[in-house]
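Visitor: I would like to go through this model with you, one question at a time. Could you begin with the open space in it and then turn to single residues?

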Amino acid sequence: MKNSSIQKLADMIDGTEADIFVLFVSREKMFTREKKPYFRVKFRDETREITFPIWENTPHFLSCQTEWTPGKHYKIRAIHRMTNYGAQLDILRIREVVPKDVHDGFSPTLGMALSPFPPEETYEEILSLAAENISDSGLRAIIEYIFEKYHEALLSASAAQGKHHATVGGLLEHTRNVLRTSLWLAERYEKILPDMQPPLNKSVVAAGAILHDIGKLRELTSSGAGFTYTAEGTMLGHIVMGRDYVREAVQYLAEKGVSVDSEMQLRLEHVILSHQNLPEWGSPKTMMTPEALLVHYSDDIDAKFYIMYTALMEVTESEEFTNSKNPLRLTVFRGLKNENSQEKD
């Protein structure tokens with residue numbers, strides 16, 4: 001039974017004491033005018049973020065310095081207080097979360113950015129599109145094996161450290177978008193250029209779109225406060241590791257008596273290895289097939305469109321332009337100011 005004493009940060013009232021599950025976001029050492037040290041700490045749950053001081057003469061100063069770890073989740077008992085400096089928490093007790101806390105409503109994704117699309121639904125949609133559009137049985141078997149084996153990891157994986165779709169479920173959201181766009185383009189060009197030889201292979205397009213970023217499962221890891229690169233991700237990168245997922249699947253399927261056409265495997269691996277196209281972007285090979293071309297541009301536009309979307313959403317409606325502090329380093333036009341809406345003296 002869920003513990004009814006657990007509250008959310010946004011629900012706490014001044015002067016009340018409650019138990020709360022929070023993500024410890026950051027700790028910054030500061031000094032007062034009298035040169036006395038204190039820590040400015042930041043905690044967050046899914047409803048609110050709160051920043052407040054831990055003073056040197058309080059019981060938790062030493063444990064904050066030596067034991068509390070940014071990026072980890074904690075259960076705290078605290079009194080909510082409104083001060084001249086805003087809301088603060090008077091911490092009475094604090095400990096790291098334990099497995100049994102899930103029964104009281106704790107989630108490992110607490111305080112982390114979430115995809116607006118439920119990951120399980122996106123996962124199922126990708127598999128449904130794969131079943132509809134991948135006619136090659138070997139490629140379809142590769143997708144099914146990888147998605148079944150890494151089901152839980154896929155639900156929580158991010159598509160990037162911070163540039164685009166850097167959320168829990170972001171990898172599936174991005175993959176679904178790239179898959180939809182790639183399939184639309186493939187169907188379009190099949191109609192426009194029906195005489196192309198060899199014909200455009202929609203199975204390879206779909207499988208490549210689904211697996212182009214699968215190496216992100218090993219390239220990135222959740223640090224609680226966000227996503228960071230693993231040692232393997234830093235030294236090898238998701239592109240090479242993505243091909244490893246395919247080869248692992250092919251080996252497993254062979255042991256089960258399921259064969260994968262060697263050319264289909266080659267074309268799929270090439271889509272993964274070339275999907276960022278340029279060496280300076282991390283690709284060991286440039287695009288050499290029409291299927292790789294479609295996946296590359298579908299991937300590129302989804303990432304860049306998301307970055308532009310984020311830039312537009314982070315400025316107020318009164319601004320005509322965004323700043324250029326985004327991964328594209330572009331100033332984005334929002335629209336002319338409506339002078340008629342401004343109050344006149």
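Visitor: How much space lies in the largest pocket?

Guide: The model is predicted, and the values given here are computed from its atoms. Rolling a probe the size of a water molecule over the atoms shows where empty space is left. In the largest pocket, that space comes to about 870 Å³.

Visitor: Which element gives the largest share of the lining of the largest pocket?

Guide: The lining of the largest pocket has 29 residues, and those nearest its centre are Lys 163, His 164, Gln 276, Trp 281 and Ala 303. Two or more lining residues come from each of α7 (216–219), α9 (238–255) and α11 (290–313). The largest share, six residues, belongs to α11.

Visitor: How many residues of the lining of the largest pocket are nonpolar?

Guide: Nine residues of the lining are polar and nine are charged. The nonpolar residues of this lining number 11.

Visitor: Which residues have the most contacts inside the largest nonpolar core?

Guide: In soluble globular proteins, nonpolar side chains tend to be buried together. Here the largest nonpolar core has 47 residues, and the elements that give two or more residues to this core include α3 (137–149), α6 (202–211), α9 and α11. The residues with the most contacts inside the core are Ile 142, Ile 146, Ile 210 and Leu 211.

Visitor: Which residues does Ile 142 touch, not counting residues up to four places away in sequence?

Guide: Ile 142 is one of the residues with the most contacts inside the largest nonpolar core. With residues up to four places away in sequence left out, the residues that Ile 142 touches are Leu 211, Val 246, Ala 249, Val 250, Leu 253, Val 260 and Leu 268.

Visitor: How many residues are in the other core, which lies apart from the largest one?

Guide: Among the residues of this other core are Ala 18, Phe 61, Ile 76 and Ala 78. The core that they belong to lies apart from the largest one and has 21 residues.

Visitor: What percentage of the 345 residues in the protein is buried?

Guide: The secondary structure of the protein comes to 11 helices and eight strands, and its C-alpha atoms fill a box of roughly 75 × 65 × 40 Å along the principal axes. A residue counts as buried when its relative accessible area is under 20%. By that cut-off, the buried share of the 345 residues is 44%.

Visitor: Is Asn 177 buried or exposed?

Guide: Asn 177 has its place in helix α5, where, leaving out residues up to four places away in sequence, it touches His 165 and Asp 302. Because the relative accessible area of Asn 177 is 17%, and the cut-off for the term is under 20%, Asn 177 is buried.

Visitor: What is the phi of His 165 near?

Guide: His 165 is found in the loop between α4 and α5, and at 1% relative accessibility it counts as buried. The phi of His 165 is positive although the residue is other than glycine, and its value is near 50 degrees.

Visitor: Where does Lys 35 lie, the residue with a positive phi although it is not a glycine?

Guide: Lys 35 has a phi of about 70 degrees. With a relative accessible area of 66%, Lys 35 is exposed. The place of Lys 35 is the loop between β2 (17–31) and β3 (37–44).

Visitor: What distance separates the C-alpha atoms of Tyr 189 and Leu 200?

Guide: Tyr 189 is found in helix α5 and is partly exposed, with a relative accessible area of 39%. Leaving aside neighbours within four places in sequence, Tyr 189 is in contact with Pro 194 and Leu 294. Leu 200 is 11 residues from Tyr 189 along the chain, and the C-alpha atoms of the two are separated by 8.2 Å.

Visitor: Is the peptide bond from Gln 197 to Pro 198 cis or trans?

Guide: Pro 198 lies in the loop between α5 and α6. With omega near -10 degrees, the peptide bond from Gln 197 to Pro 198 is cis.

Note on methods: Residues numbered from 1 in each chain as written. Predicted model: local features only at pLDDT ≥ 70, side-chain atom pairs only at ≥ 80, totals over all residues. Heavy atoms only, no water. 1 Å grid on protein atoms, 1.4 Å probe; cavity = no way out; pocket = protein on both sides within 12 Å on 5 of 7 lines; lining within 4 Å. Points joined across faces, edges and corners; volume = space filled by probe spheres on them. Helix = DSSP H or I, 4+ residues; strand = E, 2+ residues; numbered from the N terminus. Nonpolar A, V, L, I, M, F, W, Y, C, P; charged D, E, K, R; others polar. Core = buried A, V, L, I, M, F, W, Y, C linked by side-chain atoms within 4.5 Å. Buried < 20%, exposed > 50% of the residue type's maximum accessible area, 1.4 Å probe, protein only. Contact = heavy atoms within 4.5 Å.
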